[in-house]
Amino acid sequence: MYKIAVIGDRESVYGFSSIGMEIYPVYSEDEGREKLKSLAGQDYAVIFITEALAEKTQDIIDKYTKETAPAIILIPGVTGNTGQGMSSVLKSIERAVGSALLD
Amino acid sequence: MAVMNVNPTRMELTNLKKKLVTARRGHKLLKDKRDELMRRFLELVRENKELRKKVEEAVKRANTHMALSCSNMSDEGLSVALMMPSQKMSIEIKDKNIMSVIVPEYDVKFKTADEGDIYSYGFAFTSGDLDDAVKDFADIMPDMIRLAQTEKTCQLLAAEIEKTRRRVNALEHVMIPDYEDTIKYITMKLEEADRSNTTRLLKIKDMLLKDAHGY
């Protein structure tokens, strides 16, 4: 049995607790890095992370893109959509095709 | 021309020819694998993009409601309302095999039988916006899980395609031409040796005839 985690700033993740995901509000960059690392090592199948925090923890996220679990998925936070989530999709296209496609 | 460092012998030639056949077959197989992976990947990535667009919009909408309820209610009130969620989600991972790439398939399970059991608070002390927000989050949940699944699959496939593409390119542009060049080199060397041998024999025959008959 695997769990689902949501990590990010408090306002962005609070709502997800109501539908039964586990939320981990973090307040600083260092705390976010530590938390993400420890969560990735536990039995979480999916970790949703806010784009704002993902930007600062890109190196950790990149480490897990080749693993089957966990899937670290970017979601927009309350501060708005930075388009980073979409760019991660485009990045995987770029890897597969070998060159950036204009989309 | 990139000739490998081998002795130009008949045995080397036979070995190289066998290797070339294997390399060609491997190249063809890997190319087929790459093409099929690519086809699957493009299908999935299109779905991934649509899903992401949908989820991002939905999360934004839910966040708007959340922000509204944050401003309507006291911080403590909100914390108390959401502190003890009545619903608990868990996920089961099934492995799916796409062209020998193991990708996850998620199956969501809920703790309580009623999936709609999402309101963990009495309605007396909370604002209606919170209800909206919670409803929004519950609505996008299935899409979010699907997004997680497709996105992970796409990432894994992309990594595999990258690897396969490198192999195909290495075979196509380095290994196979090298083998071909070396085979050509050895063939020419052997033919050359053959010719020089024939010439020598002719020459010796001439000399012997001259000695015997005085031509």
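Predicted model: local features only at pLDDT ≥ 70, side-chain atom pairs only at ≥ 80, totals over all residues.

Guide: Start with helix 2 of chain B, residues 75-83, where Leu78(B), Ala81(B) and Leu82(B) are buried (20 or more other C-beta atoms, placed from the backbone, within 10 Å of the residue's own; exposed is 12 or fewer, partly exposed in between). Those three span an arc of only 85° around the axis, which puts them on the same side of helix 2 of chain B; the arc is taken from the directions running from helix axis to C-beta atoms.

Residues are numbered from 1 along each chain as its sequence is written, and chains are lettered from A and ligands numbered from 1 in the order in which they are written. Helices and strands are DSSP runs numbered from the N terminus (H or I, at least four residues, for helices; E, at least two, for strands).

What covers the buried residues of helix 2 of chain B? The cover includes helix 1 and helix 3 (128-213) of chain B.

Let's follow helix 3 of chain B, where Ile161(B) sits. Ile161(B) is buried, with 24 other C-beta atoms within 10 Å. Skip its neighbours within four places in sequence, and Ile161(B) is in contact (C-beta atoms, placed from the backbone, within 7 Å) with Arg34(B), Leu37(B), Met38(B) and Phe41(B), plus Ala96(A) from the other chain. Compare Leu190(B): it lies 29 residues from Ile161(B) in sequence and 42 Å away in space, C-alpha to C-alpha.

Helix 5 of chain A (residues 84-97) packs against helix 1 of chain B (residues 10-72) at about 175°, with the axes 10 Å apart. Axes here are lines fitted to C-alpha atoms over the stretch in contact, and angles between N-to-C directions run from 0 to 180 degrees. That makes the pair roughly antiparallel, the label for angles over 145 degrees. Helix 5 of chain A brings Gly85(A), Met86(A), Val89(A), Ile93(A) and Ala96(A), while helix 1 of chain B answers with Met38(B), Phe41(B), Val45(B), Asn48(B), Lys49(B), Arg52(B) and Glu56(B). By class, that contact holds 7 nonpolar, 2 polar and 3 charged residues (nonpolar: Ala, Val, Leu, Ile, Met, Phe, Trp, Tyr, Cys and Pro; charged: Asp, Glu, Lys and Arg; the others, Gly among them, polar).

Zoom out to the whole interface: 35 residues of chain A are in contact with 48 of chain B. Helix 5 of chain A gives the largest share of chain A's side, 7 residues. That side of chain A has 20 nonpolar, 11 polar and 4 charged residues.

One last stop, for the backbone geometry. Met99(B) has a positive phi of about 50° and isn't a glycine; Ser100(B), also not a glycine, has a positive phi of about 60°. Most residues other than glycine have a negative phi. Met99(B) is in the loop between strand 1 (89-98) and strand 2 (101-110) of chain B, and Ser100(B) is in the loop between strand 1 and strand 2 of chain B too. Met99(B) is partly exposed, with 17 other C-beta atoms within 10 Å, whereas Ser100(B) is exposed, with 8.

Key:
Parallel < 35°, antiparallel > 145°, perpendicular 65-115°, else oblique. Contact = placed C-beta atoms within 7 Å.
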